[in-house]
Structures are given as C-alpha cells and as structure tokens.
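This briefing concerns the division of a chain into domains and the contact between them. Please consult the sequence and structure shown below.

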There are 4 protein chains.
Amino acid sequence: MTKIKIGIIGVGRIGKLHAGHIARHPQAELHIVSDVMISDSLKEWAAELGIPHVSADYRDVLQDPEVQAVYICSSTHTHVPLIEEAAKAGKHIFCEKPISMDYLQTQQALETVKEYGVLLQTGFNRRFDHNFKRVRDCVLEGKIGDPHLIKITSRDPAPPPAEYIKVSGGLFMDMAIHDFDMARFVANSEVVEVYAQGAVLVDPVIGELGDIDTAITTLKFANGALGVIDNSRQAVYGYDQRVEVFGSKGCIQIANDHPNTAEISTKDAVYRDNPKYFFLERYEQAYAEETLAFLHAIVNGTKVPVDGNDAFQAERIAAAAKRSLLEGRPVKLEEI
Amino acid sequence: MTKIKIGIIGVGRIGKLHAGHIARHPQAELHIVSDVMISDSLKEWAAELGIPHVSADYRDVLQDPEVQAVYICSSTHTHVPLIEEAAKAGKHIFCEKPISMDYLQTQQALETVKEYGVLLQTGFNRRFDHNFKRVRDCVLEGKIGDPHLIKITSRDPAPPPAEYIKVSGGLFMDMAIHDFDMARFVANSEVVEVYAQGAVLVDPVIGELGDIDTAITTLKFANGALGVIDNSRQAVYGYDQRVEVFGSKGCIQIANDHPNTAEISTKDAVYRDNPKYFFLERYEQAYAEETLAFLHAIVNGTKVPVDGNDAFQAERIAAAAKRSLLEGRPVKLEEI
Amino acid sequence: MTKIKIGIIGVGRIGKLHAGHIARHPQAELHIVSDVMISDSLKEWAAELGIPHVSADYRDVLQDPEVQAVYICSSTHTHVPLIEEAAKAGKHIFCEKPISMDYLQTQQALETVKEYGVLLQTGFNRRFDHNFKRVRDCVLEGKIGDPHLIKITSRDPAPPPAEYIKVSGGLFMDMAIHDFDMARFVANSEVVEVYAQGAVLVDPVIGELGDIDTAITTLKFANGALGVIDNSRQAVYGYDQRVEVFGSKGCIQIANDHPNTAEISTKDAVYRDNPKYFFLERYEQAYAEETLAFLHAIVNGTKVPVDGNDAFQAERIAAAAKRSLLEGRPVKLEEI
Amino acid sequence: MTKIKIGIIGVGRIGKLHAGHIARHPQAELHIVSDVMISDSLKEWAAELGIPHVSADYRDVLQDPEVQAVYICSSTHTHVPLIEEAAKAGKHIFCEKPISMDYLQTQQALETVKEYGVLLQTGFNRRFDHNFKRVRDCVLEGKIGDPHLIKITSRDPAPPPAEYIKVSGGLFMDMAIHDFDMARFVANSEVVEVYAQGAVLVDPVIGELGDIDTAITTLKFANGALGVIDNSRQAVYGYDQRVEVFGSKGCIQIANDHPNTAEISTKDAVYRDNPKYFFLERYEQAYAEETLAFLHAIVNGTKVPVDGNDAFQAERIAAAAKRSLLEGRPVKLEEI
C-alpha cells in the first residue's frame, strides 16, 4: 500500500498538532513541512517525527510532485492565496478556520477549488467531538423532534495576548466562528438573521483594540428555530463548551468534559476538578478524527464532511454579527 | 398572642394554595375568603380548613374590620382597583403577579399604596425557591465576582388552554414576567435594554390568538452584564427552570429539581425520572416561604422582600419585550 | 367528621416531630401528651400546638377513653411494657424503633398486640422516603430483574454523646437497625446470614464504652442475593444515605439529597453544597408520610405498611450482627 | 537516540493492544513478536505495524540479543517459566496479571528476577487510569484524612465463554485480582484479612464449572480500615468500575466513564448513554500510560511503578478469598 504523502504549511501549535495525527496514521506519511521561521527546535521536532523535508518556502510544499494533500495552518491572511495555489497544483486541501476574514474572498477561493476539482476540508474540529456529534445525531434521528431552541455556551479560559487580538479579526471571526458553525451543525438548518450584543467586561485593553470580550448573539434559523450563543474570553474555571437543543419531543444537552469523574466530599463542600483546561485537552480526540475523516475522503474519493461552504456560511454569520453589533439592530443574512 | 386575621379575594387554584400555607401558620388565621363563584365544594373546602366566613362579595373581605391583610388572587384585571380599595381600607396587601398588564396603572396603584402606608408584597414566589435564592446569595457574596452573563431557562410542561391564552396578556406578561423578575433578582441590577425574538412552534392556535409560544429575549443590565431568557410553552419532559450566572470569578448554575435522586441503568441507557412536573410541585416550598415572609413583615413592621416596584419593573420589561417583538428592534427601557 | 384522637408518650425531639405532623392532619387531633419531664417550654410548645392535655404520667394517656391511638416515643427500654399496656387498653400503636433490644421481648409484645387486635406500626420512617421508595418500586416492578447485590451506605454526620452511646444498644441496634430494615425492604427477601466487621476509627471513647463506630456488614438473602451495609458514626460532609440494588436486568442507585441543585465553578474547583445535614432535614417528608400512612390504616381499617414483624426481623439481624462481630464468624439467622 | 527494542510473547488481544502503544512510542521499537499460532492475519497485522520479525517460537524473542525488554502476554500458566527465562536472558519484563495462580510459584519467579537484576512490571493497568489515580492521589495528599472504608465495584458487561472460565483460575484470580490490587493501591495499606461470599446468579453453567459469578468480598487492612469489593460477571448496562474511599476528613468517589456527556430529556425520562462498554474502551488511556511508565523506567534506570510484589500480594489475597469462600469463614492473610 502506498501512503498518501502530506505537506503542512505553517507548523505552529496547530500545525504540529495535525502533524502528530498524520504521523500516527497508517495510510499517510508526512513528507514536508514549511514555515516562515525555521528554528533548531523545529528541525529537531521534524526529525523526531521522521519528516524528511523542512523548508522555509511554502512553494517547496506546493510544487513537490509527491505531495497529494496539504494542510494550510499559516496565518489567516495567507489562506486564500495558498488555497488557490494549492488547488492549481492539484493538491487536496485541509485549511484551518476561518478561510478568510472576508467571505467574498472565501467565495472566490472556493470557486478555484471547484474548478480544479480538489477536496477542501475546513478545520471545524468540534464537529468531530464525541459530545457535539451526539447532539447532531440525536437531532437527525428525530429523538427530540423539531428543533425549537439552540443554545451554545462557548467560553475560553483566558484571553489571547493583545498582539493576537489585533490580528484576530475580532471575537466573532476568531472565536465565535466555531459556534456559528456548531449552530448550523446541530440545528441542521441555515441561519437567516443575527442580533449581537457585545461588551468589554474582561479586560479594557481588548476594548481599546476595538474588540469585545463578552457577547450574546441570537439567531433565527430557516426552519423557524431560535438560537443563542454566549461567549466570553475568560472563564476562570476553564474551557466551557456546552450545547443544548430543545425541540418538540425533548431536549439534549451536553456538559463539559472533566479530567476525571472524582467527586470529593469534605466538611466544606462536595467538589470536583475543573473542566479540561482548553482546546488542546478538550478536543484532542476531535482533532485526531478530523484528520482521519480528511484522509478517508482522499483514499476513498468521497466528499469531505466539512467543506468550503461550511467555512463560507460561518464567515457570513460572523460578518452579520459584526454589523449587528455596530449598528445595534438585527441583521438578515441576505443583507450580507 | 393574637393572630393576624387574613382575607383572600379569589380562591381558585392559587388562592387555595396560599390558604393552605396561611392555615398552617402559627401567627395567622384565615378569617374570610371571597370568590365570584361560591360552589358547594368551595364551602366544604373552607369548612375543612376552618375558615369562618365565605362570601360572594369581595367587599365583605375589605370592609371586615378584623381583617388585617388580604391576598388578592382574582383575575389580573381586578388587581389594580382591589389594591386601591384595600389600601384605602388600611389592609396590608399580598397581590399575585402581574399587578396589571399596563405598568402605568400599576404605578398609580403603587402611589395609593404609598399614600395609605400599607405593605404590598407581590407574588414573585421564585425568589423564595431554595435554588434561585442560592444563586442570588452567591452573587451577593461576590463568589462569582462581577456578573457578566445571566442565563435563564423557563419552560412550561404544557401550554394553557386557548381561553386562558386570550386573556393572559401574552407570553411576556403572563409567563416570562417571572423571568424578568428573576433576571433583576440574580443580576442585582436593573435592565436597560431588551431585544425579543418570538415564534409559534408549539401550537398554531396560539399564533392565531396573536401570541407566541417560544421566545428568546436578550437583556442589557445597568451594571454592564448581558442576559438571555429562553421560554417555551411546552417542554414535554416537564417544568424546566434553570438559571446560570457567569462572572469574573466563576459561574453558578442550578439544575431542575427531580422527585427523587434515583438513577436506573439498563441495557438501553442510564435514566432518571423527569423533573417535577409543574409549578405546584416545583415551588411548593417557595409558596410556603413567601407567605412566611409576608406575615413576618406584618408582625415585625419590616419591609416586604418583594415590593410593588418589583412588579412595576418586571411589567416594564414585559412591555419593552412586546414592543421589541412587534418592531423587530432592541428597545431601551427608558422608552417605556 | 370526627377526628381520631391521638396521645403521645415521650415528647423529646422525635415525639415533637410526630406531634407536628399529627397537628397538621385534617383527620387527627392531638389530645394528650405525656413526658417524665414537664418543663415550662414543653407546656408552651403544647399550648402553641393547641394540645389540651399534658401529663407527667403516661397512664393518663393510656387510660384516656377518648384516645384511639398512641405514639410511643419514650426510651427504648419502656417500649415493650408500654406496647403491652396500650394493646390491653385497646389503643392503636405507633412505636419508635427498635421495639426492644431483645428480640424475644419484642416477640412477646407482638403476641399481646395480636391478642388484642390493635394496629402496631414501627418507626422505620425511611421506607416512606421518596428515594428509597423509588428503589423498592423499581425492584418490585422487575425493572432491574432479580436482585443480585444490595448495597447500603449509612453514615451519620457526627456521633451521639457518650451518655447516649452507653444506652443505645450499640451501633447495630441503634443505627444500623434502619439499614437492616432497608435491606429487607429493597431486596424484598429475608436475610439468612450475617457477617459483621467493626472498628473504632472515629473516637476511642466509643470503643471504651464497648461499642464500634465503623462497620461493614455483609448479608445473604433467602432469594440468593448478597448484600453489604457500610456504617460510620461520622461523615464530616453530612448525612450519607445511599442505596444501590444491582440485578439481572440492571441497577438502581440513589444519591443523597442536597439543599439545592447549585453547582459553582471557580478557578479552584466545581463545587456544590453538602448533603442535607441529618435525619431531621433529610427525612422531613418521610416522617410526614409515615404518620399519614398510620392514620390512613386506622381510618380505613387496613393493615399498616410497617408492622411489628418488620421490627422483630430487623432486631434479629442486629443480634446476629452483634454475635458475628463478637465471634468473628458468619452467623446464620436461624441461630438467633 | 537509539530506541529500546521490544519483543512480545503472545499477541492475542492484549498483546496486540500493547504492540500498538509501543509502536507509537518515540523511544521504543517493536522488534519481534511470537505466538503459538501464526496466522496470515497476524502476519499482515505485524507488517502494517512495521514489526520486522514474527516467530512461532518464543525463544526467538528471548534469545534475540537486540531485544532489551519483553512483554509476556501469553497464557497465565506460561508466565512463571517465561519470566525466569527472560530474567536469565537479561531482558526487562512486562508481565500480564496474574503472574501465576500459585503465589508460591510467583514468589519463586520474583527471586529469579531479583537475582538477575532486571525490571519486572505487572499489568495492573488500572493504576494508570485517570479516575483511580485521582483517588490514590487524594488519599496520599491527606484530603480525606485517614481511610476508614474502601469500597470497590467491579462488574463486567458479560461473562467470558465457558472455555475461558475453565482455565481462568476463577473469579477471584481472574477478575477480582485487579480489585485486590486496587484495594491496596487506594487504601495505601496491606490487606490482613479476607471474608468472601460468592453466588451463582448469572449463569448456572459457571457454577457447574466450579466457579461463581457474583461475589462480595470484605477486607481488613493493616491501617485499621475496612473494605468491600462487589463483583459480577454481568452488568447488562456495561462495564461498572467505581471506587469510593471514605475517611476521617471526607470521601472521594469516582463514577464510570461514559462515551459522551449528553443528557436527553424526553416525555418518558431523562437519560444518558451507558458507560463505556468494556476494558478496551474504558482503559485505553491506562494501557497507553502503563507502557509509557515501563519504558520510562527502562530508559531512566528507575523503579517500575507496579512491581512483582504487587502481583504477589494480589495473588495472596485471591488465594485467601478462595479459601474463605470454600471454608465459609474469614481468613487471615498470614494463614496464606
């Protein structure tokens, strides 16, 4: 069996994470990685994983005839040109979210992808999480009937540094984008209207940079359901990732994952350990499975489970949320 | 020790509920009840509870010189005139929620109450519930820091009959009014802006009557916090009454009360019995305690814990929610 | 409707508790109470509850022709003679547990009860608890199939004073007696063999008084099931009262009751309030219902739900446990 | 960096499981596996994992000079001779539990291991489980004070086939041996006395083969604590693996792991998915970590975390339990 040769463009934290999963896959082989910064520790890391080629030039990845698929894990502003080049080079593409901060550019990139007939999967890893998948399955099986209310809680344990906030695209594009995708995923319907409230309650610096750190975003779906997402950049007790879907026949809700099930009773209280700290701990299994799914699609010539349109739609919702916050009014998706 | 003599105007389900708690109180005595419909079964019920006087005319209650306090449990449209008459007669007043569907009338009634110096407590029973009180205490003690997000879930097990819907004042005034009060109670701050989304997803008849059965209402508070309430007229699994307050130092959330703690594991699933069915089961203890608090205030000459202003503010929020739904835009409370 | 007139012999904590429930019952009337110690505060308490007669002589209770039923809430050593006198006087009897520390005496008292045809209910209040009842119902309905394993956890929040330990009859007779009854109740089968391990781990004074404070008692049931009870005189986090029945088709377990459902997440941990502190808080509803059941049986001429034999069997198991601990070997009930 | 070369003797289900973890380890290399049955599918499996040598003769593993460590995953009766041969060949040893069904033979094997100065780790994988480790840590940190009661629930989802039962060594040696180790691990003390009750309630065939399928085993520990283990060969709802340690300052208990945290509310009940089905799902992480620990000890020349004495002690407890069941009396470990 020949293995699929993979390249990765951008091997920061998330690129390395994917590399680990690819390295472990029996049908894939990590052939080359590129990064704008080639440090000694990066070289060591690549050697330990047995990656034969390391380059400072992403073109070495895209032009390598042996490479069948690329992971684009570089900065967001590079995604669109890289997708277009990769598509033209006939490589299948896994691209981190968001594809772009401008959904029109995303649309353009998707057209190129279509034209060249390559696969494009986007990094909405949460769709592969055991908890969220259970919600989606439950809804699709009709166990809770028609969805009426979708509720998503998504809070990070700590805000990113100011440097990151500046280039992040803002809370909606950077953080809530996952929740917008999750809303579509579990409601099994498109969002048609958005109203967003935002506040700066965690750190005034975030406000000075023109962003918010706390938000409640309400949604209307094409199937008539209503939805709400609450976000915070700082939940001191750890990553808070919950979903609830309420419908005509019942309700499903998922709780956080904890590092263990221990419950300790003392004279003061009954307590348990905080939820898993952040996305690396919480979504370890989901990251593994999104790569399995991507490689499965390549090997079997099937569709990817999260495609470019999924990225495009989430970006549109983020754009609508931004406009809603700015203009203080509900915004219809058709305005976007 | 002389007991406080109490009268009740309107002895339907809720009037009878209060009667039971008054009858059991060592410092109170149920002296007279009135109702527009005096049936034999009502007379029997009164005899069993040892209530000496039963009348078809509420004036017999208000004009009885022995009566020190009245419970107004008749239809909402009678509340304002009854409060005014009762105040003028020097009776302390316990009035069910809402005081009126028109907050301006409520305001007028409150002025009369003030003028005559009687006590007025309103029937926001949930403030006395062991779960909700725990949330409030936790917030006031600063355990979760400054509140950032307030989330309230409030779903009834089944919609009321169409006849009731017609005169109910609508979902916001009839049902969500409790949640508007709860929002102020646990946020410990006033609401300054409301945006309401509504839908008819449970029963089209409700829509034909001009009401909604499903709603998501978002709130902004004076202290900067954001809030969201989700309502449904029909949760098939029973009364769903939860609150979550998320703040700078943590989060408190309360789950539903169940009739027992049993967890049953079978080959199919692990299951437990549904939550307590509806308000009579769920708020039994809260109803008992609101009467304790009212009688305590009378006996000790202290303030009541839920006053007329609390009713007035909740009615204003309901009015803002109605307008928001109608006009499809966020509505500031100062507009009301 | 004439009310059943009730007398109480012994109005300490538990006698007063029953008094409250009788006073509230629409078909019962508290006619007389007696106690060896008549203090002013006892008289005041009786006056507040509207009890017309208070006596220092229990014979005033038993000889009162108006009294139909008596609650025997005095010290354990008085139970047997009082039951016999009460039976001879034709009074129905509610007797606190245990009837006697010598099951042979209990047997004798039961014969007198039988001879005079009065009802005798014993104070195994936990059978009326919403959680334990749910377990029993689940077993009887066959939901978990044939019972294989019965597990009971029963731990007090704090040991009683040394003075009480001395006369208590020991951990098995005083405390675990409830659990022996619960074992029979949820297994729906008789105990045939007992093996008890005991230790003094909480307080050496308890050991000096010849008692133990920690125990694990294993049981064999007539239906083949095995059982285990663990006891401690001191659970610093509060009253710990749990049961699990595991069977051929599944398992049911009940958790403790807590004063509220709040879960508080902080940077250190997720915690909730300790379980209800002790039996007065935990079994409030069960105490109310056992009196309802006793009065129901009197009014309707039906059997009581917990009879003298239930007391007798639990006492036999306690005696077997004591012997097992003493002799360091399993003891068959037929030896007792 | 040279990798540690590993051989595996016996590549059934558990041998393959270990192989997977070794293959993934950056410092280890799977050099050779042997099995008495070399099928085509076994060869394919080895090829996929990149294992260069496959043999039908275990001596090829033990005599290979490149092999530094061996995993003994063959039938229990082969463990002792293989350990002795491996030790003499200077190989570090990972041996599955139990080492032997005769603790005297185990003792002899351990002496050989000691003589030749190799490492021996035994396969008590549960010590590496996130839940059980949390219990142990909590006890060692003194969070619950001195342990008074140790409770272990250990139930399999379904009994093994009759063929396996015959050679298994019986419930105590085959299944409860893990729990005996767990008892020592979480109590942090040695067992000094055992009393075992057993029953055949799941399948009469098991009884015909001279074994039991249901057991309650009580323990006394050197530190004064009491313990109880309940076992069943068939929990229809899945693998039930719980531990509770109750002490002078509190209590820690762990619940089962479930495949997700979803809670589904319907008109009938609130339910969640059953626990993870069996040991492969439940202890996936624990198996990975025990190999990490073994390799860590080899690389760093440190002690293994679960040594031969741990196997020996658990086997002694199993022997005491067997004798207790046979003789119907508590058995002191010093008798063994």
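In this predicted model, chain A is divided into domain 1 (4-118) and domain 2 (127-285 + 314-335), with bounds that come from an automatic or database domain assignment. The centres of the two domains, taken over C-alpha atoms, are separated by 28 Å.

**Extent of the interface**
- In chain A, 12 residues of domain 1 are in contact with 13 residues of domain 2, where contact means heavy atoms within 4.5 Å.
- About 970 Å² is buried between the two domains, 67% of it on carbon and sulfur atoms; buried area is the accessible area (1.4 Å probe) that two parts lose on being put together, summed over both.
- On the side of domain 1, Lys97(A), Met101(A) and Tyr103(A) lose the most area to domain 2, together 55% of what that side buries.

**Elements of the domain 1 side**
- Helix H1 (13-24) and helix H5 (103-116) of chain A are the elements that give two or more residues to the side of domain 1 touching domain 2; helices are DSSP runs (H or I, at least four residues), numbered from the N terminus.
- H1(A) provides the largest share of that side, four residues.

**Basis of the values**
- Residues are numbered from 1 along each chain as its sequence is written, and chains are lettered from A in the order in which they are written.
- Local features need pLDDT of at least 70, side-chain atom pairs count only at pLDDT 80 or more, and totals for chains, interfaces and linings use all residues, while side-chain values use heavy atoms, with hydrogens and water left out.
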